[in-house]
Amino acid sequence: MDPRSEFEKEMNSSVLEPCISILIVGYNSNAFIGDCLDSIAHACADISHEILLIDNGDGSTEELVREKFPDVSIVQSRGNIGFGPANNLLASKARGAKYLLVNPDMVLPSGSIEALLQGSRDHPDAAAWGGVTTNAQGQPDSGNAIAMPSILEFFSVALGRSLVGIRPIKGAQSDAPVSILSGAYVMFDKAAWDVAGGFDERYFLYCEEVDLFFRLAQRGYTFWRIASARGHHKAGHGDDVGAMRLLYRAAGTMEFTRTHWSRPGWYLAAFLTWIAAIERYLAGRLFGGFSPRLKAMSDGYRLVALKPDLWRYGYDQERGLLSKIGSISKDDL
């Protein structure tokens, strides 16, 4: 065998390996996946990349992407397996040295992905670099203020508002180290991802990125938010008091505390989560007639407040939310 042919094959394989693998988990995302993929094409005009997509929904997102975006690699759906497991599956097929997780409702302006890559060069010891997600007005949205669970944070929420939610967002004006980055728009170093084993697949939805950053931090890694890497999050925070959204969020948070805290700490976290939900539910019941926002909040927190057994065991296979989701009727929502 000609040794030059083997050398050329190795060189060609190296050239073909993308700088970055972009991972997208779709879920009935037809309304915005086109804008997302169009924006990525512009943002990656001068960057070697690959895009991998898996459809956790009814298959229509995959069908649309296959027809209109033939360069996107489709990973065969396994049904609605959850955000973390779906991203793990995508990562197992990816070839880049960096994994960029992008929600299908993200729109990335030109230069945003290059800004993340520059951030990785400026802060090479970090495990992840995230952008600033913005709302329709171009302002940083609530996705930039994810709290690491703590007893102080649970007490704060029970008393009215998250401590993280009232603080200035780190990295909005200049690059800053943070404890958690939004899973909607974050780039991981492949080596660090592999060390952690990606997402813990016990989490179906919510808090999976909190768990991953917690485990990476335990290994000494840092994370940076890159101020110039902006991205518009079109739909992600629109219905922030939807009943199912709040229910999954409570279950995800309980899965974290059950996994990483002592039993008394988990019990206290569950109690404070329930107290916070009861307060918001009752506030809407009492004053919802004067405020549509309070009425919507009360409706959203109803299940969390009145049926704590649905979420307090997190995603436990026998007692957790997924084992009881079939018991929720339309009247409950």
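This is a predicted model: local features need pLDDT of at least 70, side-chain atom pairs count only at pLDDT 80 or more; totals for chains, interfaces and linings use all residues.
The protein has 12 helices and nine strands, and its C-alpha atoms fill a box of roughly 80 × 40 × 40 Å when taken along the principal axes. The radius of gyration is 21 Å, which agrees with the value near 20 Å that a compact globule of 333 residues would have. Of those 333 residues, 50% count as buried, and if we take the contacts with a separation of 6 or more, 76% of them come from residues 24 or more positions apart.

Let me turn to the helix pair, α9, which covers residues 243-260, and α11, which covers residues 292-306. Their axes lie 8 Å apart and the helices pack at an angle of about 40°, which makes α9 oblique to α11. The crossing of these two helices is right-handed. On the α9 side the contact involves Ala243, Leu246, Leu247 and Ala250, and these meet Asp299, Gly300, Tyr301, Leu303 and Val304 in α11. Sorted by class, that contact between α9 and α11 has seven nonpolar residues, one polar and one charged.

Finally, I would like to look at Glu153, which is found in helix α6, residues 151-158. Is Glu153 buried or exposed? Its relative accessibility is 9%, and because buried means under 20%, Glu153 counts as buried. Leaving aside residues up to four places away in sequence, Glu153 touches Ala147, Met148, Ser162, Leu163 and Val164.

Technical notes: Residues are numbered from 1 along each chain as its sequence is written. Side-chain values use heavy atoms; hydrogens and water are left out. Axes are lines fitted to C-alpha atoms, for helices over the stretch in contact, and angles run from 0 to 180 degrees between N-to-C directions. Helices (H or I, at least four residues) and strands (E, at least two) are DSSP runs, numbered from the N terminus. Angles under 35 degrees count as roughly parallel, over 145 as roughly antiparallel, 65 to 115 as roughly perpendicular and the rest as oblique. A crossing is left-handed if the near helix is turned anticlockwise from the far one by less than a right angle, and right-handed if clockwise. Contact means heavy atoms within 4.5 Å. Ala, Val, Leu, Ile, Met, Phe, Trp, Tyr, Cys and Pro count as nonpolar, Asp, Glu, Lys and Arg as charged, and the others, Gly among them, as polar. Buried means under 20% relative accessible area, exposed over 50%, partly exposed in between (1.4 Å probe, protein chains only). The radius of gyration is taken over C-alpha atoms; the globule rule is 2.2 Å times the number of residues to the power 0.38.
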